[in-house]
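Visitor: I am new to this structure and would like to be walked through it. Could you show it to me before we start?

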Amino acid sequence: RSATRDAADDAAPTNEAPGAALASRAPVSITTEYVLTGEPAERLCDMHLANFAALREVAIQSQTATRDELLEQFASPKFVKVVAWKNGIPIGLGVMTNHLDEVQELSQEFLLARYPDQASRNAIFWGIYVTIDASHRGVTLFSRITTAMGQITARSGGVFRHGVASGDPRA
């Protein structure tokens, strides 16, 4: 992550929303993390909870964990975290696991019966969620994160499954 400034940082102010120019210029990097703690974990937790807050009133089933549960998940190597970074700050997150017993709402029997070869190699991955900072949502970040999740699965010759929620586009 570079500490150098872009020459455009010194440009005259515009009528853009705060951070809009920065959001459009700075490159985004994608990393795979197995243990995520400290300030990045706190920031991602805040982002996730804010993004999913709207679903509390429109979804009968809870769509997120508590703050403590999320921070525990971020610190656990059982959960793979695909993180999008801009200027050293996390702005997006995809979480997946091949430890199916960690996802209570899954029917392990269904997945084991449907994918016996992958099950024998612990290569069934469940995508738990993808969440992106509201000021950085656009055309490609969601796709970049889910593609990275798929690549992790492909390297193990596995299968990647995830649930799809519809409803509030803010989440």
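Visitor: What pattern does the protein follow along the sequence?
Guide: Read along the sequence, the pattern is α-β-α-α-β-β-α-α-β-α-β. The protein has six helices and five strands; helices (H or I, at least four residues) and strands (E, at least two) are DSSP runs, numbered from the N terminus. This is a predicted model, in which local features need pLDDT of at least 70 and side-chain atom pairs count only at pLDDT 80 or more, while totals for chains, interfaces and linings use all residues. Residues are numbered from 1 along each chain as its sequence is written, and side-chain values use heavy atoms, with hydrogens and water left out.

Visitor: What share of the residues counts as buried?
Guide: Of the 171 residues, 33% count as buried. Buried means under 20% relative accessible area, exposed means over 50%, and partly exposed lies in between (1.4 Å probe, protein chains only).

Visitor: And how much accessible surface does the protein have?
Guide: The accessible surface comes to about 10300 Å², and 52% of it belongs to carbon and sulfur atoms. Such areas come from the Shrake-Rupley method with a 1.4 Å probe, and for residues only the protein chains shown count as cover.

Visitor: Among contacts between residues at least 6 apart in sequence, what share joins residues at least 24 apart?
Guide: The share is 72%. A contact here means heavy atoms within 4.5 Å.

Visitor: Let us turn to the strands. How do E2 and E3 pair?
Guide: They pair in the antiparallel sense over eight bridges; two strands pair if DSSP finds at least two bridges between them. Lys86, for instance, has Ile89 in E3 as its bridge partner.

Visitor: What lies between E2 and E3?
Guide: The two strands form a hairpin with two residues between them. Asn87, in the turn, has a positive phi of about 55° although it is not a glycine. Asn87 is partly exposed, at a relative accessible area of 46%.

Visitor: Where else is there a positive phi in a residue other than glycine?
Guide: Asn122 has one, with phi near 55°. Asn122 sits in the loop between helix H5 (116-120) and strand E4 (124-132), and is partly exposed at 40% relative accessibility.

Visitor: Back to E3, then. How many of its residues are buried?
Guide: Eight of the nine residues of E3 are buried, so that strand is mostly covered. E3 also pairs with E4, in the antiparallel sense over six bridges. There, Val95 stands opposite Tyr129 in E4.

Visitor: Now helix H6. What should its residues span, and how far apart are its ends?
Guide: The 15 residues of H6 (residues 141-155) should span 21 Å at 1.5 Å a residue, and the end C-alpha atoms are 21 Å apart, which agrees. The expected span is 1.5 Å times one less than the number of residues in the helix.

Visitor: Which residues of H6 are buried?
Guide: They are Leu141, Ile145, Ala148, Met149, Ile152 and Thr153. They cover an arc of only 145° around the axis, which puts them on the same side of H6; the arc is that of the directions from the helix axis to the C-beta atoms.

Visitor: Why might residues a few places apart point the same way?
Guide: An α-helix has 3.6 residues a turn, so residues three or four places apart point the same way.

Visitor: What covers the buried residues of H6?
Guide: The cover includes strand E1 (28-33), E2, E3, E4 and strand E5 (159-162). Just after H6, Gly157 takes a positive phi of about 65°.

Visitor: One more topic: how many salt bridges are there?
Guide: The count comes to four, a salt bridge being a side-chain nitrogen of Lys or Arg within 4 Å of a carboxyl oxygen of Asp or Glu. One of them joins the side chains of Arg67 and Asp46, at 2.7 Å from N to O. This pair links distant parts of the chain, with Arg67 in helix H3 (residues 67-75) and Asp46 in helix H2 (residues 38-52), 21 residues apart. Glu42, Asp46 and Arg67 are linked in a network of salt bridges.

Visitor: Which residue forms a salt bridge with Lys78?
Guide: Glu102 does, and the closest N and O atoms are 3.2 Å apart. Lys78 lies in the loop between H3 and E2 and Glu102 in the loop between E3 and helix H4 (108-114), so the pair ties together parts that are 24 residues apart in sequence.
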